[in-house]
Every structure is written in structure tokens, then in C-alpha cells.
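Subject: Structure handover

Hello,

Please find the structure below, followed by notes on what was found in it.

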Amino acid sequence: MSGARVPFAVARDGYFFRALAEVHPRFHTPSVAIVVQAVLSILLLLLGGNFRQLFSLAIFAEWLFYMIAGSTVFVFRLREPQAKRPYRMWGYPWVPILFVVTSAFLLYYTFTENLRNSAAGVLVILAGIPIFAYFSRRRRA
């Protein structure tokens, strides 16, 4: 159920179809985004293969973004060295380095063991770049 929140938030910010940003008047949930996600999920299960293949595809994409998110710790610490840090990260920089390296290892292993699904996952992610660029240009206009 949380997966629909991403297209909802992106649409709310003007980077995706505006209809996905609608909130149900009674339940205050992103109802259109939830319905669209449900329909796409059903279509993928009916047309795209078995659950295991789709699960492998999703896991590869998730770990790719986990690794990217974990590596941003270094980017923000370099970009904003004087920023206030309300908490200290135990083991910095070794813990995030270990996480990024472990994530990279898992991605490598997943990619080499399941090349077809991993390549499909990468293509789906890359397909989002021109879509984002389109909505970004449209938002600026």
C-alpha cells in the first residue's frame, strides 16, 4: 500500500499526471494512485510472468535505490560541512561505506545471477528519465 505514495507525491509536486495527486475526500488517501498501482500490479502478474520473476525485478530496483540513498550521506556531508547535525552517526564513515559496498555486492550478485530480470529492471528505471524530463519541462512552462 505504501508504493502508491511515491507517484502521489511526485504528481503532487507537478512531475507526473495530476490525477495521481488526488486525495479521497473521506479517507484522505491517494485513492487514484492506489487504484492505478493495483491495476498495474494485476496486469504485470497476468502478462509479465510469475510472482518470483516480478519479485526479483523489484528487489534489484529497490537495492539499487537503497545503495544510492545510502551514498548520499557522503554527498551531503561534503556539500554542507557546516550544517547542523542533531544526531551523530555511529561508526561514520565506515558504517555507510559498509552498507554501500554490501549493497553493490548484492546488486552485482543479483544482476549476474538473474541477468534477464535485472536488465529489465534497469530498463524500467531508465525509462523514467525521459518521463521525468517531460514533466519537468512542462512544470517549468
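This is a predicted model: local features need pLDDT of at least 70, side-chain atom pairs count only at pLDDT 80 or more; totals for chains, interfaces and linings use all residues.

Residues are numbered from 1 along each chain as its sequence is written, and side-chain values use heavy atoms, with hydrogens and water left out.

Salt bridge. The count comes to 1 salt bridge, taken as a side-chain nitrogen of Lys or Arg within 4 Å of a carboxyl oxygen of Asp or Glu. Arg12 and Asp13 form this bridge through their side chains, at 3.8 Å from N to O. Arg12 is partly exposed at 48% relative accessible area, and Asp13 is partly exposed at 38% (buried is under 20%, exposed over 50%, partly exposed in between; 1.4 Å probe, protein chains only).

Surface patch. A nonpolar patch is made up of Val35, Val36, Val39, Leu40, Ile42, Leu43, Leu46 and Leu47, with about 780 Å² of accessible area together. Areas are from the Shrake-Rupley method with a 1.4 Å probe, and for residues only the protein chains shown count as cover. Patch members have over 30% relative accessible area and no salt bridge; nonpolar side chains (Val, Leu, Ile, Met, Phe, Trp, Tyr) are joined within 5 Å, like charges within 9 Å. Leu46 belongs to helix H2, residues 31-47 (helices are DSSP runs of H or I, at least four residues, numbered from the N terminus), and is exposed at 65%.

Buried serine. Ser103, in helix H4 (residues 94-113), is buried at 0% relative accessible area. Leaving aside residues up to four places away in sequence, Ser103 touches Trp63 and Met67, where contact means heavy atoms within 4.5 Å.

Regards

Technical notes: Helices (H or I, at least four residues) and strands (E, at least two) are DSSP runs, numbered from the N terminus.
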